[in-house]
Amino acid sequence: MVNDEENDNKKPSMQGLSFAYRISTELLGALIVSVVIGLLIDKMFDSKPIGLITLIILGFFAGLLNIYRLIRRIENSK
Amino acid sequence: MAKGESPLKQFEIQPIVDINFLGFDISFTNSALWMTITTAFILIFFTVPFLKAKKTNSVSDLYPTRMQVAAELGFNFINSLLADTVGKEGKKYFPLVFTLFMFILFGNLFGMIPYSFTFTSHIIVTLALAMGVFIFVTVLGFVKHGLKFFSFFVIPGLPVYMLPLLIPIEIISYLSRPISLSVRLFANMLAGHTLLKVFAGFVSALGFFGILPLVFIIALTGLEILIAFLQAYVFAILTCLYINDALHLH
């Protein structure tokens, strides 16, 4: 019970802080993965730089999708 | 910073015992030392209070000791976290989440001791942890659902002509999980400890007015301890969510 009270007090600052870090890393993580996959595709099919460009665009959308899901989850839990 | 010591020097890995095994450098470093200390401390923290309670058999046994309360607080915290995110089936995965949470939490907290070493500030450590979670969750998904696990990448109720575009996006989004999980922990620790060292440099450089950055450092230390808890919590809750995804698919 004590634990719950503590959590309630901490919630606003803690959630805000973790929220900011999570949004940035979700976007960054998706971009890092897509750049690596894009470079590998270019190496395999010798198609520089089409694979990289396509994967970066896809990766950006994947990052946005991650952020969308994160925000939806937080909104649902409220 | 009288001698111009870099604020990044604290992250340097120094071998304590040089070990060379089949051409691989597996020296016992300061990073490994602090991991060992963390693990040993967790083992002591969770066995000692319960060992004592068994030995004696008096009325005072009914009242838990302070250490026991602290240990049970951590236990209940992860227990309720799993119950909230995964549900009843989550009980099975309690050891995994609990071990991860405690290891990261005490790793972060021991890093706050002056002259210690924060092993969570190295991406190789956090990435290894995150990859472990990622591989576990993927294997779990395949074991539970077989090939149906691939339907995880298809959003239900979507027109067919959108699938060629959205399946790659879903796959990238799935693969980015370990990266974002590890980068978040590593970047928080690295940035926080570098900031502390930079402001510590200002204290000696400013002479009398060094008291201003000193006050700031005190506040920053409190914030860093909060972040140590927060990042361990975020790592644990995301592990729970990924387990939930693997078990229930959407």
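# Talking through the model

Biologist: How many other C-beta atoms lie within 10 Å of Phe149(B)?
Modeller: Phe149(B) sits in the loop between H4 and H5 of chain B; helices (H or I, at least four residues) and strands (E, at least two) are DSSP runs, numbered from the N terminus. The residue comes out as partly exposed, the class between buried (20 or more other C-beta atoms within 10 Å) and exposed (12 or fewer), with C-beta atoms placed from the backbone. For Phe149(B) the count is 17.

Biologist: What kind of model are we looking at?
Modeller: Residues are numbered from 1 along each chain as its sequence is written, while chains are lettered from A and ligands numbered from 1 in the order in which they are written. Local features need pLDDT of at least 70, side-chain atom pairs count only at pLDDT 80 or more, and totals for chains, interfaces and linings use all residues, in what is a predicted model.

Biologist: What pattern does chain B follow along the sequence?
Modeller: Chain B holds six helices and four strands, and its C-alpha trace spans about 70 × 60 × 45 Å along the principal axes. Of its 250 residues, 27% are buried. Read along the sequence, the order is β-β-β-β-α-α-α-α-α-α.

Biologist: And how much of chain A is buried?
Modeller: Chain A has two helices and zero strands. In its helix H2, the buried set is Leu55(A), Leu58(A), Gly59(A), Ala62(A), Gly63(A) and Asn66(A). Over the 78 residues of chain A, the buried share is 21%.

Biologist: Which helix gives the most to the side of chain B that touches chain A?
Modeller: The contact takes 20 residues from chain A and 16 from chain B. On the chain B side, helices H2 (66-85), H5 (163-205) and H6 (211-248) each supply at least two residues. That side divides into 10 nonpolar, five polar and one charged, where Ala, Val, Leu, Ile, Met, Phe, Trp, Tyr, Cys and Pro count as nonpolar, Asp, Glu, Lys and Arg as charged, and the others, Gly among them, as polar. With 11 residues, the top contributor is H5(B).

Biologist: How do H5(B) and H6(B) run relative to each other, parallel or antiparallel?
Modeller: They pack at an angle of about 170°, with axes 10 Å apart; axes are lines fitted to C-alpha atoms, for helices over the stretch in contact, and angles run from 0 to 180 degrees between N-to-C directions. Angles under 35 degrees count as roughly parallel, over 145 as roughly antiparallel, 65 to 115 as roughly perpendicular and the rest as oblique. So H5(B) and H6(B) are roughly antiparallel.

Biologist: What end-to-end reach does H6(B) have, first C-alpha to last?
Modeller: H6(B) has 38 residues, for an expected 56 Å at 1.5 Å a residue; the expected span is 1.5 Å times one less than the number of residues. The reach in the model is close to that, at 55 Å.

Technical notes. Two residues are in contact if their C-beta atoms, placed from the backbone, lie within 7 Å.
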